[in-house]
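Subject: Structure handover

Hello,

Here is the structure you asked to have passed on. My notes on helix packing and salt bridges follow below.

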Amino acid sequence: MRTYVVEEEEHFVPITLDKLVEGHAVPFEVFTDDGDLRKSLFDRGFIFTAFAKDIIHYQGLTRFYIKSANNLNFNDYLRHADKLSKMVKDENILFSDYSEYKRKHNYIDKRLFSPLVDINFEIGGMRYPVYGGIPLVGNHINDEMLNFLTGLNADIVIRGEDTGKYEDYLNRVLVAEEGECTEKRLIQIKQELLRHHFSKFLMNRTDVFVFEGLLQEVFDIVQLIIQFAQHPVFGLKDLIEIHNIDSYVSVHSVNVCVYSVAIGARLGMDEKTLYRLGVGALLHDIGKVMISYAVINKQGDLSIDEYKHYCSHVTEGAEFIKSLKRVPQNVYEIVMQHHERLDGSGYVQNLTSKEINLLSQIVTVTDSFEALTTSTPRRKALSPAKAMEILRADAEEKHRINRTVYRALNSVLSE
């Protein structure tokens, strides 16, 4: 989003974008203009996609330029454009490139953009197999642009290094919307802040201050959900909205945290118990950061050795929990037991009903529901209704998960 004043000594050459090849990097910087200002639309190396094409068209941009020094690059690119457009990437290479892009970016909740606060970070779009930047000519996202981004068939991401800017943005939104922000939106913003605080913790798990802040964020979420659950108009269902986001540890874990606390509130648990449940649910998959990224993100079935490695995230996470101070009671059990099943068919200890903590049983149900309704490299997301059919069979027929917890979730979703 850099802006350049047009100066006489700078020479720009007009170009058209109709020959840019989707899915490939552009080897030159592209500019557009706005009155007497020339703005950088996207940098050299930008991956041009259908998302980019749509947003450029939506913004009504018609004039594009490159610096004269890049004209040779542009002409060379045009000579190879047809060949590039006919290239079909091997599926494994495509998935590998997509995964690498995902690894370097963080998901954000596009519903939380506010027309009251300008953004100061770049955004991108992801919807497998398409990924790449979304070029904006201004920092202001008005209601019309917000509606366009919300309707865009893509998850919105930011660069990993811009996480701090996004966190600051959300805090500025809270200030700007003070007095007007609904309870639901407040929880959504706090949930997003929790997720990014959790991501920060995942990157530096030995930082005591980051962990203390994370616990405070969970406490705040618990307080808000308790208040929301007592609201005479809204129901807990309003908090459990399925977002079409490509699965990732921080996204999944915060969703499970919110779902679990909502279910705990429906079951009448007190504040102290809800806090323990919230922390345990947030940290239930902490062991996955110790698992090979290639295994976590593998497309298709895992080999026997890969599956064993994947299952070790339970014990790895539990061992890590032991090393933390001020971890609420029951958190270790939740981490260790969230893949156990009441009939003894789970892992890693093959526990049965009486041996599994109730809080762990809640996380088992919400973890399963969230996983089933989220896309992963190995399968597409199911609808909430289809996911509940599977959970109903597990609860009512196979007796693998807690029937009371399942019914509480079903009650929330049905109200």
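A salt bridge here is a side-chain nitrogen of Lys or Arg within 4 Å of a carboxyl oxygen of Asp or Glu. Please bear in mind that this is a predicted model.

Salt bridges

By that criterion Asp162 pairs with Arg159, and their closest N and O atoms are 3.2 Å apart. Asp162 sits in the loop between β11 and α5 (163–176). Are the two partners buried or exposed? Asp162 has 2% relative accessibility and counts as buried, because the cut-off for that is under 20% relative accessible area. Arg159, with a relative accessible area of 31%, is partly exposed.

The pair belongs to a network of salt bridges that links Arg159, Glu161, Asp162 and Lys165. Leaving aside neighbours within four places in sequence, Asp162 is also in contact with Phe121 and Glu122.

How many salt bridges does the structure hold? The count is 26. Two others are described here.

One of them joins Arg127 to Asp155, with 3.2 Å between the closest N and O atoms. Arg127 is buried, its relative accessible area being 18%. Asp155 is buried too, with a relative accessible area of 6%.

The other is between the side chains of Arg392 and Glu397, at 2.8 Å from N to O. Arg392 counts as partly exposed at 35% relative accessibility, and Glu397 counts as partly exposed at 49%.

Helix packing

Two packed helices are described by the angle between their axes and the distance between the axes.

Start with helix α14 (residues 358–372) and helix α15 (residues 384–397), which pack at an angle of about 140° with their axes 9 Å apart. That angle makes α14 oblique to α15, because a pair counts as roughly antiparallel only over 145 degrees. The crossing of α14 past α15 is right-handed. On the α14 side the contact uses Val365, Ser368, Phe369 and Leu372, and these meet Pro384, Ala387, Met388, Ile390 and Leu391 in α15. By class, the contact of α14 with α15 has eight nonpolar residues, one polar residue and no charged residues.

Helix α15 also packs with helix α16 (residues 403–414), at an angle of about 150° and with the axes 9 Å apart. That makes α15 roughly antiparallel to α16. Here α15 passes α16 in a left-handed crossing. Which residues make the contact? From α15 they are Met388, Leu391, Arg392, Ala395 and Glu396, and from α16 they are Arg403, Tyr406, Arg407, Leu409, Asn410 and Leu413. These residues of the contact of α15 with α16 divide into six nonpolar, one polar and four charged.

As α7 passes α8, the crossing is right-handed. Val222, Ile225 and Ala229 in α7 meet Val258, Val261, Ala262 and Ala265 in α8. The residues of this contact comprise seven nonpolar, no polar and no charged.

One further residue

Glu22 lies in the loop between β2 (12–15) and β3 (24–26). This residue is partly exposed, with a relative accessible area of 39%. Not counting residues up to four places away in sequence, Glu22 touches Phe48, Thr49, Ala50 and Lys53. How far apart are Glu22 and His309 in sequence and in space? They are separated by 287 residues in sequence, and by 37 Å in space from C-alpha to C-alpha.

Regards

Methods:
Residues numbered from 1 in each chain as written. Predicted model: local features only at pLDDT ≥ 70, side-chain atom pairs only at ≥ 80, totals over all residues. Heavy atoms only, no water. Axes fitted to C-alpha atoms, helices over the stretch in contact; angles between N-to-C directions. Helix = DSSP H or I, 4+ residues; strand = E, 2+ residues; numbered from the N terminus. Parallel < 35°, antiparallel > 145°, perpendicular 65-115°, else oblique. Left-handed = near helix turned anticlockwise from the far one by under 90°. Contact = heavy atoms within 4.5 Å. Nonpolar A, V, L, I, M, F, W, Y, C, P; charged D, E, K, R; others polar. Buried < 20%, exposed > 50% of the residue type's maximum accessible area, 1.4 Å probe, protein only.
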